[in-house]
Amino acid sequence: MGLDMYAYRIEKSRARGVFSVDFSGISDEEKSEKIFHYWRKHWTLDRLMQILFKKKGGKGTFNCQFLQLTELDLNYLERIIYSGKLKMEYAPDISYNRYIAQDDLDFIAEARKIIDSGDCIYYYNWW
């Protein structure tokens, strides 16, 4: 089974709360252009996003769900990464190494810039 994970840059006018984005009138190509970060099978990060999903009132299975990320959420993720306590789940042969951590930190830095510019960040997973 695979896990594809995306971070979208969404204009505030299209944000519809914590779990919803309005893509009406947008082609699939335009929608894919809103993706600014992609991960493949990063189960550990997805688990952290699932925790945020539940904390924000998300119901049901956390799959094919949008989740808006705020500056506070990014701070939470960053603290966990810097703590050094992250372990890769479901892939014991792959450690959560400095390359994976750096990719996550690069995502956080870019997401902060996007939020500062006035747009919103949404995480989306599909497994």
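Q: Why is Cys 64 called partly exposed?
A: Its relative accessible area is 36%. Buried means under 20%, exposed means over 50%, and partly exposed lies in between (1.4 Å probe, protein chains only). The value for Cys 64 falls in that middle range, so Cys 64 is partly exposed.

Q: What kind of model is this, and how are residues numbered?
A: This is a predicted model, in which local features need pLDDT of at least 70 and side-chain atom pairs count only at pLDDT 80 or more, while totals for chains, interfaces and linings use all residues. Residues are numbered from 1 along each chain as its sequence is written, and side-chain values use heavy atoms, with hydrogens and water left out.

Q: Where is Cys 64, and what is its phi?
A: Cys 64 sits in the loop between H2 and S3. Helices (H or I, at least four residues) and strands (E, at least two) are DSSP runs, numbered from the N terminus. Phi of Cys 64 is positive, about 55°, although this residue is not a glycine.

Q: Why does Lys 41 count as partly exposed?
A: Lys 41 has a relative accessible area of 38%, so it is partly exposed. You can find Lys 41 in the loop between S2 and H2. Its phi is near 55°, a positive value in a residue other than glycine.

Q: How many aromatic pairs does the structure hold?
A: There are 15 of them.

Q: Why is the pair of Tyr 6 and Tyr 124 called tilted?
A: Their centres are 6.4 Å apart, with 40° between the planes. Rings of Phe, Tyr and Trp (its six-membered ring) pair if their centres lie within 6.5 Å; planes under 30 degrees apart count as stacked, over 60 as edge-to-face, and the rest as tilted. An angle of 40° belongs to the rest, so this pair is tilted. Tyr 6 in strand S1 (residues 4-10) and Tyr 124 in strand S4 (residues 120-126) are 118 residues apart, so the pair links distant parts of the chain. Both residues are buried.

Q: What makes the pair of Trp 39 and Phe 107 edge-to-face?
A: The ring centres lie 4.9 Å apart and the planes meet at 75°, so the pair is edge-to-face. Trp 39 in strand S2 (residues 35-40) and Phe 107 in helix H4 (residues 98-116) are 68 residues apart. Both Trp 39 and Phe 107 are buried.

Q: How do you know that S1 and S2 pair?
A: Five bridges join S1 to S2. Two strands pair if DSSP finds at least two bridges between them, so S1 and S2 qualify. In one of these bridges, the partner of Ala 7 is His 37 in S2.

Q: Why are S2 and S3 said to stand at the edges of the sheet?
A: Four strands form an open sheet in the order S2-S1-S4-S3, with antiparallel pairing. S2 and strand S3 (66-69) each have a single partner strand, so one side of each has no neighbour in the sheet.

Q: Why is Asp 73 called buried?
A: Asp 73 has a relative accessible area of 7%, so it is buried. Asp 73 lies in helix H3 (residues 71-83).
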